[in-house]
Amino acid sequence: MKAMRIVGVLLLVLGLAGFLTGGFSFTKDTTQAKLGPLELTVKEKESVNIPQWMSLGAMVLGGVVLVLGFRKN
């Protein structure tokens, strides 16, 4: 039963974080060309958007799992 509670809280927290932030971004280094000792690298900023419906679904599912975790006692 503790595992269900932990999963429920985790889903709630991740859903809330996704809802409030809307996504996350990261920087990726790529090597474009190598000419002897010279190397050309490019830093690309990538972003991942998290849909609001997915965040709300995770929060609802987390709430249901949390309630079920407490009911089985």
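I started at T30, whose side chain makes a polar contact of 3.3 Å with that of E44. For the term I use N or O atoms within 3.5 Å, where within protein one must be able to donate a hydrogen and the other to accept it, and residues adjacent in sequence count only if both atoms are side-chain atoms. This is a predicted model, with pLDDT of at least 70 needed for local features and 80 or more for side-chain atom pairs, while totals for chains, interfaces and linings use all residues. Numbering runs from 1 along each chain as its sequence is written, and side-chain values use heavy atoms, with hydrogens and water left out.

I placed T30 in strand β1, residues 23–35. Strands here are DSSP runs of E, at least two residues, and helices are runs of H or I, at least four, numbered from the N terminus. Buried or exposed, I asked of T30? T30 is buried, at 18% relative accessible area; the cut-offs are under 20% for buried, over 50% for exposed, and partly exposed in between, with a 1.4 Å probe and protein chains only. T30 and E44 sit 14 residues apart along the chain, and I get 7.6 Å between their C-alpha atoms.

Next, the helices. The axes of α1 (residues 2–21) and α2 (residues 52–71) come within 7 Å and cross at roughly 160°. Axes are lines fitted to C-alpha atoms over the stretch in contact, with angles from 0 to 180 degrees between N-to-C directions. So α1 is roughly antiparallel to α2, a label for angles over 145 degrees. I noted the crossing as left-handed, meaning the near helix is turned anticlockwise from the far one by less than a right angle. In the contact I have 15 nonpolar residues, eight polar and one charged; Ala, Val, Leu, Ile, Met, Phe, Trp, Tyr, Cys and Pro count as nonpolar, Asp, Glu, Lys and Arg as charged, and the others, Gly among them, as polar.

I then picked a residue from each helix. A17, in α1, is partly exposed at 37% relative accessibility. Its C-alpha atom is 9.9 Å from that of M59, 42 residues apart along the chain. V60, in α2, is exposed at 57%.

Terms used. Parallel < 35°, antiparallel > 145°, perpendicular 65-115°, else oblique.
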